[in-house]
Amino acid sequence: MNSAATTTSEWWRNGVVYQVYVRSFADGNGDGTGDVTGLRSKLDYLRDLGVNALWINPWYSSPLRDGGYDVADYRTIDERFGTTEEVELFIAEAHERDIKVIADLVPNHTSSDHRWFQEALAAGPGSPERARYVFKDGKGANGELPPTDWTAVFGGSAWEQVEDGQWYLHLFDPSQPDLNWENEEVRAEFDDVFRFWLDRGIDGFRIDVAHGLVKDTTFPDVGKVGKILESETTENHPFWDRDGVHEINRRWRSVLDEYDDRMMVAEAWVAAHRLPLYLRPDEYHQSFNFDLLATDWNAAEFAAVIDKSVTAADEIGASSTWVLSNHDVMRHATRYGLDAGIPWRQWPMTGPVEALDVERGARRARAAALVTLSLPGSTYIYQGEELGLPEVWDLPEDVLEDPTWFRSDFTEKGRDGCRVPIPWERSGDSFGFGSGGAWLPQPETFGDLSAEAQLDDPASCLALYRSAIAIRSEHLAEEGGFALDSSFGDEVLAYRRGEVLVVVNMGASPVALPAEAKVLLASSPISGSDLEQDTAVWLVP
Ligand code: BGC
């Protein structure tokens with residue numbers, strides 16, 4: 001720590017960040033659940049892939065009712081994942097390989113198992129223990145109705161009644177009570193949690209639901225409330241994107257600035273014109289940009305979203321972030337195999353299997369990698385996307401764990417299909433995930449998609465990612481230098497990044513490439529001078 005003069009290399013501005021859903025990454029102790037031992041054993045794989053940083057989904061002590069986004073103790077690692085000492089070792093080993101580590105912090109809510117919430121239940125109405133959360137009396141003659149009409153992201157009312165008749169707020173699952181960020185004790189506690197992990201060498205934080213901490217304390221009804229993944233926020237929504245969050249952002253930033261070279265990235269699903277507010281110089285270093293993730297496979301739409309994002313970032317001196325998949329959405333290798341217009345977030349529930357073209361999805365996913373890895377800014381990769389893993393949309397209902405499944409009365413399958421454990425080996429129990437099976441069943445197709453099956457195959461998706469990341473650091477590391485190129489027509493996305501020309505054929509017919517250009521990398525084999533459908537290429541003069 002160095003509080004006088006901190007230094008910063010701004011490594012996050014154009015890094016490749018690899019997201020690890022630790023529960024599903026690699027299992028070191030054979031209990032069917034991924035852990036820090038497993039993660040440590042894969043550090044060389046990650047170094048060879050070429051990533052600059054890892055973002056680790058929550059690994060804290062938790063009943064895992066929402067995959068760890070229900071934290072029971074922010075200062076201990078869940079025993080299924082490892083120990084604090086082991087995490088310290090892991091951070092040191094990552095640093096030895098020049099890889100930074102970003103932890104995930106969940107400040108909007110705790111688990112209902114958290115000591116504070118148990119104390120709040122025991123202490124009763126009006127107590128300081130209850131004031132750490134959002135408890136209220138209900139409406140109706142006897143307080144039998146919820147205090148407002150607010151609905152939870154996972155479905156149903158956002159209020160749950162406790163034995164003495166009061167209600168508490170949970171914007172997500174009832175097992176995730178919202179903290180009261182009006183309370184100074186809550187604010188001070190998180191300053192301390194930040195310092196706890198920064199002192200252990202963590203390089204940054206991904207802040208969960210960064211736009212949800214502050215609520216309208218007059219508790220108005222809202223009528224129809226937008227869901228978090230739909231970015232339906234308005235400027236005066238009672239709990240999304242309220243102006244009060246910026247004061248909290250600034251407080252955290254000043255804690256981070258006591259240390260050298262640390263960062264924080266916001267998960268903020270807010271309207272595009274509000275996002276720059278989170279990126280002011282004394283707030284977040286970065287925020288996820290989910291616009292490309294929500295865009296259909298269409299050259300004009302891709303070009304518009306990319307251009308808008310790059311311009312918006314430039315205007316405020318921020319760096320863009322590119323995301324195609326994460327642990328909350330259908331994997332893009334499957335999304336791109338569906339027809340445009342199919343509601344991609346809900347589709348895998350019971351959906352029409354015949355609508356899915358697996359091969360087309362895989363081909364487009366490879367091309368999309370050459371887009372996100374060549375754009376200015378930082379690129380986030382979700383574990384397994386480098387293997388071209390698809391969504392496991394047909395998981396049997398009896399293995400589903402996502403609260404969405406239960407809270408939607410078994411109509412929305414939820415997010416388990418993108419969280420299926422990684423196949424490391426071609427065959428065997430759990431395809432090398434661990435010696436004790438895998439907590440979610442893997443499909444047979446995972447064998448051929450395993451890291452082992454791809455490692456020595458120069459035509460594999462893994463080889464493509466490795467080459468792309470290596471070439472990126474050599475030819476595309478400079479910031480800026482982005483310009484769209486419309487000379488290939490409406491069905492082709494093309495842009496220049498410095499000396500590199502990126503061309504992606506998103507239309508149905510082959511496209512002629514410039515005669516003298518040299519191919520640096522292509523997402524699918526190129527024969528002759530034409531670029532086939534759903535193929536991307538990086539060219540140099
Ligand atoms: C996380 C989800 C989680 C939710 C509640 C999100 O934005 O990414 O996985 O369920 O926050 O913590």
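The model is predicted: local features need pLDDT of at least 70, side-chain atom pairs count only at pLDDT 80 or more, and totals for chains, interfaces and linings use all residues. Residues are numbered from 1 along each chain as its sequence is written, and side-chain values use heavy atoms, with hydrogens and water left out.

**Stop 1.** Select residues 492-497, which are strand 15. Strands (E, at least two residues) and helices (H or I, at least four) are DSSP runs numbered from the N terminus. Five of the six residues here are buried, so strand 15 is largely enclosed by the rest of the structure. Buried means under 20% relative accessible area, exposed over 50%, and partly exposed in between (1.4 Å probe, protein chains only).

**Stop 2.** Two strands pair if DSSP finds at least two bridges between them. Pick Leu 484 and its bridge partner in strand 15, Tyr 495.

**Stop 3.** Arg 497 has Val 500 as its bridge partner in strand 16. The two strands form a hairpin with two residues between them, and Gly 498 in the turn has a positive phi of about 60°.

**Stop 4.** Go to Asp 98, in the loop between helix 3 (84-96) and strand 5 (100-105). Its phi is near 65°, positive although the residue is not glycine. Asp 98 counts as exposed because its relative accessibility is 67%.

**Stop 5.** Finish at Glu 10, in the segment before strand 1 (16-20). Glu 10, also a residue other than glycine, has a positive phi near 55°. Its relative accessibility is 36%, so Glu 10 counts as partly exposed.
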